[in-house]
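Student: I should like a close look at a single helix and at the parts of the fold around it. Please take the helix by itself, and then its surroundings.

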Amino acid sequence: MKKIYLLWVLCAYIFTGCSGNAAGHAEHDHEHEAHEHEEGHDHEHEGHDHEHEAAGAAHSNEIIFKEEMAKAVGLQTKVMEPAPFTDVIKTSGSVLAAQGDETTVIATVPGIVTFGSLSFVDGTAVCKGQAILSLASNTLSDGDVAARTKYAYENAKKEYERMEQLVGDKIVSAKDFEQARLNYENAKVAYDAVAGKQTANGVSVVSPMNGYLKNLQVKEGDYVAVGQPLATISQNSRLVLRAEVSEKYYQYLPTVQSANFRTPYDEKVYRLSDLHGRMLSYGKASDTNSFYIPVTFEFDNKGAVIPGSFVEVYLLTSPMQEVLSVPVSALIEEQGIYSVFIRLDEEGYQKREVKLGANNGSEVQILSGLKSGETVVTQGAYQIKLASASNAIPAHTHNH
């Protein structure tokens, strides 16, 4: 009986061990499957992250510039479209007064220059008939010119009137009468030149026309002789633009139609087409003192252009068709490399390097870097650059 009990205990122990191994194997298989499932899920998640990173890399150079800031800085854009563009010869030149637009004031009598209570300097506006200065001669050894001229005129007049009564009676010869008449007329001309111009400071010198005082060539206390230049009066209504062109462009001069120019004092580009400008002539040979050929234009001085100033000149020649161009204000220059900003959406912008062609002072030809239909920032490009460089506006990468 005891042997039978031991046999049952042994069988039960063996059965229990086999059941535990089977359960262990099943549990191990389940864990292995769970592990494989987790690895598969991780791989799928990593693939999803790679897709987001690729999308972010595609927009990593996009800059966000808020719409409110764009309005605050006056940002403007232009859609790129092919259009006619005029080829340009860039050179230098000067602005001069037009012929007949200025005159030189000269001394009508000898004397000492006196400004009196009126102080005139270059740029002073003067009216026709207005006194510019006075010439005093009462302290000179020859005496007061105005007084001497008056006395000479009065005596010549009396002598002429006396002989006029006697020539009919043959008391004086016709020859003497003609000489008296000639003396009278000469004295009258001299007297009329100073009549009504005498002041306490001497004989006044007046402006012959309305304009501006220019090139005052004398100062207080100077002695001047008759006919000596004193100053220039300029109206500045019509001016002349004289461009100095290198000889290598001579063959292109017959195609020059108009010009733009930029002044050094206001950095403004003036278009002759807006100033009723016209080309007067171009030289057929270079100057003996230089290797440049002059090209001359005339235009209305509607702005504040100063005669005598040196300017940058853009000669406009034959037009080119189907050209992409941008305003000069759209360009960003960095160590000789030029770029523009492209608007991608309402608040997204992208910096784009471009290659430049001809420049007419206000517009620049784009040889490469832009395509038709793209929107370029024409005003406010530097504000976008500064905002991006200062990290005030972070780059937009679309990472989530």
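Tutor: A residue is called buried under 20% relative accessible area, exposed over 50%, and partly exposed in between, with a 1.4 Å probe and protein chains only. Helices (H or I, at least four residues) and strands (E, at least two) are DSSP runs, numbered from the N terminus. The model is predicted: local features need pLDDT of at least 70, side-chain atom pairs count only at pLDDT 80 or more, and totals for chains, interfaces and linings use all residues. Residues are numbered from 1 along each chain as its sequence is written, and side-chain values use heavy atoms, with hydrogens and water left out.

The helix in question is H4, residues 174-194. The expected span of a helix is 1.5 Å times one less than its number of residues. Within H4, Phe 177, Ala 180, Tyr 184, Ala 187, Tyr 191 and Val 194 are buried. They lie on the same side of H4, because they cover an arc of only 105° around the axis; the arc is that of the directions from the helix axis to the C-beta atoms. An α-helix has 3.6 residues a turn, so residues three or four places apart point the same way. On the other side of H4, Ala 174, Lys 175 and Val 189 are exposed. After H4 comes Gly 196, with a positive phi near 80°.

The buried residues of H4 pack against helix H3 (145-166), strand S8 (198-199) and strand S9 (202-206), where contact means heavy atoms within 4.5 Å.

Strands S8 and S9 lead on to an open sheet of five strands, ordered S8-S9-S7-S5-S11 with antiparallel pairing; two strands pair if DSSP finds at least two bridges between them. S8 and strand S11 (223-224) stand at the edges with a single partner strand each, so one side of each has no neighbour in the sheet. Strand S5 (residues 111-114) is joined to S11 by two bridges, and Gly 111 has Val 224 of S11 as its bridge partner.

Within this sheet, Ser 134 belongs to strand S7. Ser 134 counts as buried because its relative accessibility is 8%. Beyond its neighbours within four places in sequence, Ser 134 is in contact with residues including Ile 112, Val 113, Thr 199 and Val 203.
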